[in-house]
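Here is a friendly briefing to read alongside the model. Keep the structure open and look up each part as you go.

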Amino acid sequence: MDARTLSTKLKSIAYRMGASHCGISNAEQLSAEALRLEQWLKKGHQGSMHYMERNFDVRIDPRKLMDGAKTVISMLFNYYTPEPYAYPKISRYARGDDYHEYLRQTLSKIVELWKLEIGNFQGRICVDSAPIMEKAWAQRSGLGWMGKNTNIIRKGYGSYFFLTEIVTDLLAAPDAAGPDFCGSCTACIDACPTGALDEAYTLDAHKCISYLTIELRDSIPKEFQSKMEGWMFGCDICQEVCPWNRFSKTTPISAFQMSEPLLNMKIEDWMALTESTFKVIFKKSALKRAKYSGIIKNLKFISSA
Ligand code: SF4
Ligand code: SF4
């Protein structure tokens, strides 16, 4: 089978399994991106996410992640749901089931179906877990551009997508990277309440509400108290203001729809939430990643502003 036919077959199965967009790149070293990552780390923008400092060589070259890797197949999965934000605010991506579990299973099924169609091959599934520069691969494979808010944006679709990759020893025909459509817009930089995007195309995680409410295990520094704008888990401000997100469409994936408990939770329910109730209600939710203690810590922080 020639490389172009192989690409078409791989993509058609990915779409059948729920991927919104699928793009392909040659597995090679990411030279320009490596330089940017090095500078970002030197500035300490990763905050306490020290795992970003580890496996640098692997992170910039997928051939070090999997022996014999020839191709990186990137897929976007839509998670957009249209319901307005309630208080306390939760990022759209965490409204449904934990995407790690759902997407790992989906990508495993995709690999199985590919094998049935084309025979055996080596494939490594990446859903947040592996040291891989997922935005760089999405961009290279023509799925979108990395906007000034550092999210991957697809023209005519927006940025409410989970990014996943399968690194493989298959040799499929690559796609071409597309242009950057941010132009002179600075809406995300202007709207960020903490100044985390002051340098366009660069996120200072230290200052990002998403980092402060999910990744940071210590107390949130006082200086941010008046800037949280009601966000308890994550923050979507720089995506909400992005003009390309006017094109977002509701996800067809039922696992990412707003969960019933979240839909009905009022501020008084959050205030009265116990650890045992949290564990039952949010058993399948991405919120459990912040743990009950993290959710309560954030809730207290934003409500005492
Ligand atoms: S997620 Fe929120 S805090 Fe982080 S960069 Fe975007 S607007 Fe700023
Ligand atoms: S808000 Fe404007 S500058 Fe920011 S990512 Fe979207 S298009 Fe680019």
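Glu229 is placed in the loop between α7 and β8 (231-233); helices (H or I, at least four residues) and strands (E, at least two) are DSSP runs, numbered from the N terminus. This is a predicted model, in which local features need pLDDT of at least 70, side-chain atom pairs count only at pLDDT 80 or more, and totals for chains, interfaces and linings use all residues. Residues are numbered from 1 along each chain as its sequence is written, while chains are lettered from A and ligands numbered from 1 in the order in which they are written.

- Most residues other than glycine have a negative phi, and most peptide bonds are trans.
- Glu229 is not a glycine, yet its phi is positive, at about 50°.
- Glu229 counts as partly exposed because it has 14 C-beta neighbours inside 10 Å. A residue is called buried if 20 or more other C-beta atoms lie within 10 Å of its own, exposed if 12 or fewer, and partly exposed in between, with C-beta atoms placed from the backbone.
- Thr150 also has a positive phi, near 70°, in a residue other than glycine.
- You will find Thr150 in the loop between β5 (145-146) and β6 (152-153), and it is partly exposed, with 18 other C-beta atoms within 10 Å.
- Tyr87 and Pro88 are joined by a cis peptide bond, with omega at about 0°. Pro88 sits in the loop between β2 and β3 (89-90).

**Helix α1 (3-16)**

- The 14 residues of α1 should span 20 Å at 1.5 Å a residue, and its end C-alpha atoms are 20 Å apart, which agrees. The expected span is 1.5 Å times one less than the number of residues in the helix.
- Which residues of α1 are buried? They are Ser7, Leu10 and Ala14.
- Seen down the axis of α1, these buried residues fall within an arc of 70°, so they line one face of the helix. The arc is that of the directions from the helix axis to the C-beta atoms.
- The buried residues of α1 pack against β1, β2 and α4; here, contact is defined by C-beta atoms, placed from the backbone, that lie within 7 Å.
- On the face of α1 turned away from the buried side are the exposed residues Arg4, Thr5, Ser12 and Arg16.
- Just after α1 comes Gly18, with a positive phi of about 105°.

**Helix α4 (99-118)**

- Helix α4 has 20 residues and reaches 28 Å from its first C-alpha to its last, close to the 28 Å expected at 1.5 Å a residue.
- The buried residues in α4 are Tyr99, Tyr102, Leu103, Thr106, Leu107, Ile110 and Trp114. They fall within an arc of 125° when you look down the axis of α4, so they line one face of the helix.
- The cover over the buried residues of α4 includes α1, β2, β4 (123-126) and β7 (161-168).
- Lys115 and Leu116 are exposed, on the face of α4 turned away from its buried side.

**The strands**

- β1 (residues 21-26) is mostly covered, with 5 of its 6 residues buried.
- β1 and β2 (residues 71-78) pair in the antiparallel sense over 6 bridges; two strands pair if DSSP finds at least two bridges between them. Ile24 has Ile73 in β2 as its bridge partner.
- β2 and β7 are antiparallel partners too, with 8 bridges, and Phe77 stands opposite Phe162 in β7.
- β4 and β7 pair in the antiparallel sense over 4 bridges. There, Ile125 has Ile166 in β7 as its bridge partner.
- In a regular strand the side chains alternate between the two faces of the sheet.
- Phe161, Leu163, Glu165 and Val167 point one way from β7, Phe162, Thr164, Ile166 and Thr168 point the other way, and all are buried.

**Around ligand 1**

- The residues around ligand 1 include Asn149, Cys192, Cys208, Cys235 and Cys238; a residue is near a molecule if its C-beta atom, placed from the backbone, lies within 6 Å of it.
- α7 (209-215) and α8 (237-240) each supply at least two residues of this shell around ligand 1.
- How many residues of each class does the shell around ligand 1 have? It has 9 nonpolar, 3 polar and no charged residues. Ala, Val, Leu, Ile, Met, Phe, Trp, Tyr, Cys and Pro count as nonpolar, Asp, Glu, Lys and Arg as charged, and the others, Gly among them, as polar.

Key:
Two residues are in contact if their C-beta atoms, placed from the backbone, lie within 7 Å.
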